[in-house]
Amino acid sequence: AVFNETGDQNILTASASGTTQFNLTRVGTIETGDLTLGLDDTSATITTFDTNENLLVSANGTGVITVDPAGAGSIVLGSPDVTSITLTTDDNAANDIALTGGLTTVSDATFTLAETENISVTNTVTGTNNLDLVTMTLTDQTTSGTQRGLVITKAATTDATTESLIT
């Protein structure tokens, strides 16, 4: 079927008992409540038609966006051809980005901090638990070069005094 809306109405509106459930607007926007994809299929894809077009997922206000596999599945951000992933907030609190659970990286972790920001590692040990708060393992399988477990360097400056690098 071909719909050619020439006025100022939606191209298609579907309702149940007089309550609108779905609109295809005249500018191509789909308006609906819940949306289920992948019916009778093993996957569902949301993509853009135009090449190099941005895709925005927005709660349109202060709502929360939740990505959940609805079970014990995994969530993957990126693929081998992704060049970077950026997490941006309003930088209004110390816990703007929270990671709960284990964190493993297979590449460098570089922190560039503003003048008054720091990296803090905290843990509260109770009972008879044992804990190594910071653990580093360097497996040296080289025949040359220099390998170090921890390097602390004060940047070269001519007008500043550093009271202590380790306290």
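Where is Ala-70 found? Ala-70 is in the segment after E3. I'll come back to that segment.

First, the ground rules. This is a predicted model, where local features need pLDDT of at least 70, side-chain atom pairs count only at pLDDT 80 or more, and totals for chains, interfaces and linings use all residues. Residues are numbered from 1 along each chain as its sequence is written, and side-chain values use heavy atoms, with hydrogens and water left out.

Confidence next. pLDDT is the predictor's confidence in each residue, from 0 to 100. The chain averages 87, and 99% of the residues score at least 70. Among the elements, strand E1 (residues 12-16) has the highest mean pLDDT, 95. Strand E3 (residues 30-32) has the lowest, 92. Elements here are DSSP runs, numbered from the N terminus: helices (H or I) of at least four residues, strands (E) of at least two.

Now the sheet. Three strands form an open sheet, in the order E1-E2-E3, with antiparallel pairing. E1 and E3 stand at the edges with a single partner strand each, so one side of each has no neighbour in the sheet. Neighbouring strands are turned by 20° against each other on average, direction ignored. For that angle, axes are lines fitted to C-alpha atoms, for helices over the stretch in contact, and angles run from 0 to 180 degrees between N-to-C directions. Two strands pair if DSSP finds at least two bridges between them.

Take the pairs in turn. E1 and E2 are joined by five bridges. Ser-15 has Thr-20 in E2 as its bridge partner. The hairpin of E1 and E2 has two residues between the strands, and Ser-17 takes a positive phi there, near 55°.

E2 (residues 19-24) pairs with E3 over three bridges. Leu-24 is partnered by Ile-30 in E3. Asn-23 stands opposite Glu-31. This hairpin has five residues between the strands, and Gly-28 has a positive phi near 95°.

Most residues other than glycine have a negative phi. What is the phi of Ala-70? It is positive, near 55°. Asn-60 is also in the segment after E3, with a positive phi of about 55°. Buried or exposed, then, for Asn-60? Exposed, at 73% relative accessibility. Ala-70 is exposed as well, at 72%. The cut-offs: buried is under 20% relative accessible area, exposed over 50%, partly exposed in between, with a 1.4 Å probe and protein chains only.

Asp-34 lies in the segment after E3 too. Asp-34 is exposed at 79%. Asp-34 and Val-76 are 42 residues apart in sequence, and 23 Å apart C-alpha to C-alpha.

Last, pockets. The largest has a volume of about 1800 Å³. It is lined by 32 residues, with Leu-87, Ile-97, Leu-99, Leu-103 and Phe-111 nearest its centre. The lining divides into 17 nonpolar, eleven polar and four charged. The second largest pocket has about 280 Å³. Its lining is Val-121, Leu-133, Val-134, Thr-135 and Met-136. That makes four nonpolar, one polar and no charged residues.

The terms, quickly. On a 1 Å grid over the protein atoms alone, a pocket is an open set of points where a 1.4 Å probe fits, with protein on both sides within 12 Å along at least five of seven lines; lining residues have an atom within 4 Å of a point. Points join across faces, edges and corners, and the volume is the space filled by probe spheres set on them. Ala, Val, Leu, Ile, Met, Phe, Trp, Tyr, Cys and Pro count as nonpolar, Asp, Glu, Lys and Arg as charged, and the others, Gly among them, as polar.
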